Amino acid sequence: MSIKTYPLQFEPILKDRIWGGEKLKTVLNKPIVSEITGESWELSTVEGDVSMVANGELKGKSLTDLIDDAPNEILGTRVYERFGKQFPLLFKYLDAREDLSIQVHPNDKLAKERHNSFGKTEMWYVMQADPDARIIVGFKEDSSKEEYLENLNKKTLVSILDDVKAKAGDVFFLETGTVHAIGAGLVVAEIQQTSDITYRLYDFDRVDAQGNKRELHVDLALDAINYNKVDTHKKYEETPNQSNVVVDCPYFTTNFLPLDGTIEVNKNGETFTVYMCIEGSFEIRFENVIYKYKKGDTVLLPANMHSYIVNGSAQILEVYIH
């Protein structure tokens, strides 16, 4: 079935988290109503959390229904061929008022065997950082299962993990197996494989409002962890009005697009494109209609949008699949 497409925005799916705050409202204008909103899922087909179209004549339709009806038009011919009718990525904004748990994600093989899921390779773009905010990414030096377990049991795990100061504009690319935690005081744009599989290793002995600790997954994590030191910090160019490559991996390509004026985009229909507006504002002109976006907005450009104009003054993350 063929459908008429246009730039699609979706209702944010807001998630309360023990570590969340209110910056998704104050920094990104999300309609949060609690003081512990940790995540805004912008584009998702995770079961139970499927995004719904918020604009235009397709308003109220789910992303999964759109893909079912018109997989080539929405996903693109190459993406459909590779992933079938699955939307392969999950897009989020996160607000860490407190440190997130120290965690790890399994690779495709483990995730498929254990959970019938994709693995979870992901990247973070730091949108806002308080002074002295930091993240935990991997081990300081090459480690081992034995050293890791010894420090976990002694509650000294943080001492052997790499602690990196983070500032706005930093990008961290986390392949599966990388032990990590987003630190307090950060607002992050996250692009990841479609997966909600997280193995929690250590949660700083926190309890929720009912006095309960969150579940840990120490045994499951043992075979998922990469115990070697990894380099996660990505450097990238910032040439205006060009797509500057930040991350190019088998699961997604993310470019940094500093927009200052007007550019024309032409595509071949092989992949969808997603824009996350991380600063400023811009508009898309498609078939003589203008669509406007501001900081914190995420827009899905279906694969059959072959030609359009982008205009404005903004910093944009541009994401697609090779």
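The charged end of Lys15 sits over the ring of Trp41, 4.6 Å from the ring centre; a charge is said to sit over a ring if NZ of Lys or CZ of Arg is within 6 Å of the ring centre and within 35 degrees of the ring normal. The model is a predicted one, in which local features need pLDDT of at least 70 and side-chain atom pairs count only at pLDDT 80 or more, while totals for chains, interfaces and linings use all residues. Residues are numbered from 1 along each chain as its sequence is written, and side-chain values use heavy atoms, with hydrogens and water left out.

Aromatic rings also meet one another. Rings of Phe, Tyr and Trp (its six-membered ring) pair if their centres lie within 6.5 Å, and planes under 30 degrees apart count as stacked, over 60 as edge-to-face and the rest as tilted. By this rule the model holds 11 aromatic pairs. One of them joins Phe83 and Phe118 edge-to-face, at 5.9 Å centre to centre and with 80° between the planes. Phe83 belongs to helix 4 (residues 77-83) and Phe118 to the loop between helix 5 and strand 7 (122-129), so this pair ties together parts that are 35 residues apart in sequence. Helices (H or I, at least four residues) and strands (E, at least two) are DSSP runs, numbered from the N terminus. Phe83 counts as buried, at 12% relative accessibility; buried means under 20% relative accessible area, exposed over 50%, and partly exposed in between (1.4 Å probe, protein chains only).

A tilted pair is formed by Phe282 and Tyr293, 5.1 Å centre to centre with 35° between the planes. Here Phe282 of strand 17 (residues 273-286) is linked with Tyr293 of strand 18 (residues 289-294), 11 residues apart. Phe282 is buried at 4% relative accessibility, and Tyr293 is buried with a relative accessible area of 4%. Elsewhere, Tyr125, Tyr236 and Phe256 form one aromatic cluster.

Helix 5 (residues 108-115) can be followed from end to end. At its start, a side-chain oxygen of Asn107 reaches to within 3.2 Å of the backbone nitrogen of Lys109. Just after the helix, Asn116 takes a positive phi of about 50°.

Thr298, in strand 19 (residues 298-301), is buried with a relative accessible area of 6%. Its side chain makes polar contacts with those of Glu42, at 2.9 Å, and Tyr93, at 3.3 Å. A polar contact is a pair of N or O atoms within 3.5 Å; within protein, one must be able to donate a hydrogen and the other to accept it, and residues adjacent in sequence count only if both atoms are side-chain atoms.
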